[in-house]
Amino acid sequence: MNLRKIAIAALVVALAGCESFDDDDPRKPAELVDFEATIEIDKMWSHNIGDQQEYLSPLRIVEDAGVVYAASIDGTVEAYNRNSGEVKWSIELEAPISGGVSASRGMVLVGTTEGEVIALSAVDGSERWRAQLRTEITAPPVSNGRQVVINSPEGIVYALSATDGSELWQYQDVLPALTSQGIAAPVMEGPIALVGFASGKLSALRADAGLPVWEALVAIPTGRSDIEKIVDVDGEPTVSGPSVFAATINGNIKAFDLRQGRVLWEAPASTSNALASGFSNVYLSELDGTVTAYRADTGAQVWRNEQLSYRGLSAPVVWSSYLAIGDRDGYVHVLSQVDGSFVARYKIGDTVRSLMASRGKS
């Protein structure tokens, strides 16, 4: 059998305590099924990046130009060579990080519990600037090289100058009576910032001025209780070709025309995770552990995997022809993008909260 080796970087979080379930509880995590692996996962390197457990939203890991960046809540930010794991630099910010990390165009960005946005040089970690906002930052600030855009728990979007951190504009959405804790980071698509809100709305904002190009509801609140009416867009949307895809808790996954916001298709869904796209599909890991692939152009269901139910899944990430998903027991599950079947499984640690696809090797 031909075994292909793949490299996947994962953020592993040790959580205190564990949840117990009766045998007849429908939310009891599914037992792992046996299968014949067709690819091999090798551990290339690892580092302890520090404590993550104070926040429900993990401090994600990112890669830019062959360098992997990670942070811990105590203010440590580190950069590693993607292939060797060599520490390129490590810096102590002496500030509690709650939103991070993002990296692009030579700049690394994090946000703090005190409302500071901190920009670092991707070369050596030296500080470029700090900007003070009026809210805790729980999602990574993101940049297109000219503006830095931040989505806040108060429903306010801030834009700062990427040069010096000066404030450029604010945009505010109306918060519903009850929201979840998660906040989706903006997605920068050239001059447009795509931002999801707790109201279930997705906005395409001009990054230079904060003016809406278009706005659309991903889901409308329904149900009798406030909890049933939660339709937060907690996971980042994904862009594939001329379309953008977003999903909510207790609502939908929806496809929009990127230029005008016209609805292309929709399907029922409930997730707090970011979406992924590849092989002309859009991938979704739901709160109940179902993993589904939809045709990006029509919304037709390509496949559905229900064998990871209630295992506390991470957002899916795409690598080559595979889809990788972490769970609360510390496993990384690798699925085929073609049919959703399992092709590999690897135990990393206690809990996998965030994944990042990296370069593979034959």
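Let me begin with pairing, where two strands count as paired if DSSP finds at least two bridges between them, and where strands (E, at least two residues) are themselves DSSP runs, numbered from the N terminus. What I am showing is a predicted model, in which local features need pLDDT of at least 70 and side-chain atom pairs count only at pLDDT 80 or more, while totals for chains, interfaces and linings use all residues. Residues are numbered from 1 along each chain as its sequence is written, and side-chain values use heavy atoms, with hydrogens and water left out.

On confidence, pLDDT being the predictor's confidence in each residue, from 0 to 100, the protein chain has a mean of 89, and 88% of its residues reach 70 or more. Over residues 13–18, however, pLDDT stays under 50, and for that stretch the model has 11 contacts (heavy atoms within 4.5 Å) beyond four places in sequence. Where pLDDT is low, the predicted coordinates should not be read in detail.

Now to strand E5. Strand E4 (residues 62–64) is joined to E5 by three bridges, the two running antiparallel, and Glu63 stands opposite Val68 in E5. The hairpin of E4 and E5 has two residues between the strands, and in it Ala65 takes a positive phi near 55 degrees. On to strand E6 (residues 76–81), which E5 meets through five bridges, again antiparallel, with Ala79 in E6 as the bridge partner of Tyr69. This second hairpin, of E5 and E6, has four residues between its strands, and here Gly75 takes a positive phi near 105 degrees.

How many of the five residues of E5 are buried? Taking buried as under 20% relative accessible area, exposed as over 50% and partly exposed as in between (1.4 Å probe, protein chains only), five of the five residues of E5 (residues 67–71) are buried, so this strand is largely enclosed by the rest of the structure. Val67, Tyr69 and Ala71 point one way from E5, whereas Val68 and Ala70 point the other way, and all are buried.

E12 is joined to strand E13 (residues 147–151) by two bridges in the antiparallel sense, and Val148 in E13 is the bridge partner of Ser143.

Another open sheet of four strands has the order E20-E21-E22-E23, also with antiparallel pairing. Strands E20 (238–240) and E23 (263–269) stand at its edges with a single partner strand each, so one side of each is left without a neighbour in the sheet. Between E22 (residues 251–257) and E23 the antiparallel pairing extends over six bridges, and Ala255 stands opposite Trp265 in E23.

Finally, a loop residue: Thr290 is found between strand E25 (281–285) and strand E26 (291–295), and counts as buried because its relative accessibility is 5%. Leaving aside neighbours within four places in sequence, Thr290 is in contact with Leu284, Ser285, Arg304, Asn305 and Glu306.
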